[in-house]
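Student: Please show me how to read a helix face and a strand pairing.
Tutor: Here is the structure to work from.
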Amino acid sequence: MPSCTRTWPSCVGVNLRMQAGLWHNERAEGKAKLERKFMENMAQLRVQQYLAAYGLGARYLDLTVSSATVAEAAQALNCTPGQIAKTLSLLVAGKPILLVTAGDTKLDNHKYKQYFHCKAQMCPRENLTQWVGFSAGGVCPFALQSGVTVYIDKSLTRFDLIYPAGGTAHSAVRLTLAELMMLTQVKELIDVCKLAA
């Protein structure tokens, strides 16, 4: 009597291994996405609690669209790009600092070097959350990790209302410059930026 053993083509085994690998990758990506969402929620809560402690909780704006760039934030908030208080994450002497400036400006390298006595160097994106407490596109200039110094450029004096990020890439905080200075505990403004061409 002939034997009825069935052998699987080798491509089936390869396909199953590929599917298992894809499942593992999808599972890892899903886990990473959940971790990012958790960190985002914690950042949002930290900013909201910080604002509430100053009686400014109602100023937090949770947006339904991205505010990760100046253009996106200005469109979402129906304001000028200059009113977006963009927060630049920089390194000075190996330590992170934040520079808050008007959204329509850029660093003036000469002025920056005169003030900080070094060339401008951006913080690596992958270190932002650990060093500053927020990820790129949502860096809030307050409710930070300890040891981060904040500077505010005088370019923001042109506006009655300004909008820094609220800790996520789809949030903002409606403030006056005086309120921003109070929240960041900045005593004086610096002049290290210029209008972008």
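Tutor: Start with contact, meaning heavy atoms within 4.5 Å. Helices (H or I, at least four residues) and strands (E, at least two) are DSSP runs, numbered from the N terminus. This is a predicted model: local features need pLDDT of at least 70, side-chain atom pairs count only at pLDDT 80 or more, and totals for chains, interfaces and linings use all residues. Residues are numbered from 1 along each chain as its sequence is written, and side-chain values use heavy atoms, with hydrogens and water left out.

Student: Which residues of helix α2 are buried?
Tutor: Buried means under 20% relative accessible area, exposed over 50%, partly exposed in between (1.4 Å probe, protein chains only). In α2 (residues 70–77), Val70, Ala73, Ala74 and Leu77 are buried. Down the axis of α2 they fall within an arc of 100°, so they line one face of the helix. The arc is taken from the directions from the helix axis to the C-beta atoms.

Student: Why does such spacing give a face?
Tutor: An α-helix has 3.6 residues a turn, so residues three or four places apart point the same way. On the other side of α2, Ala71 and Gln75 are exposed.

Student: What do the buried residues of α2 pack against?
Tutor: They pack against β1 (60–62), β2, β6 and β7 (171–173).

Student: How many bridges join β2 to β3?
Tutor: Two strands pair if DSSP finds at least two bridges between them. β2 and β3 (residues 95–102) have 8, in the antiparallel sense. Leu91 has Pro96 as its bridge partner in β3.
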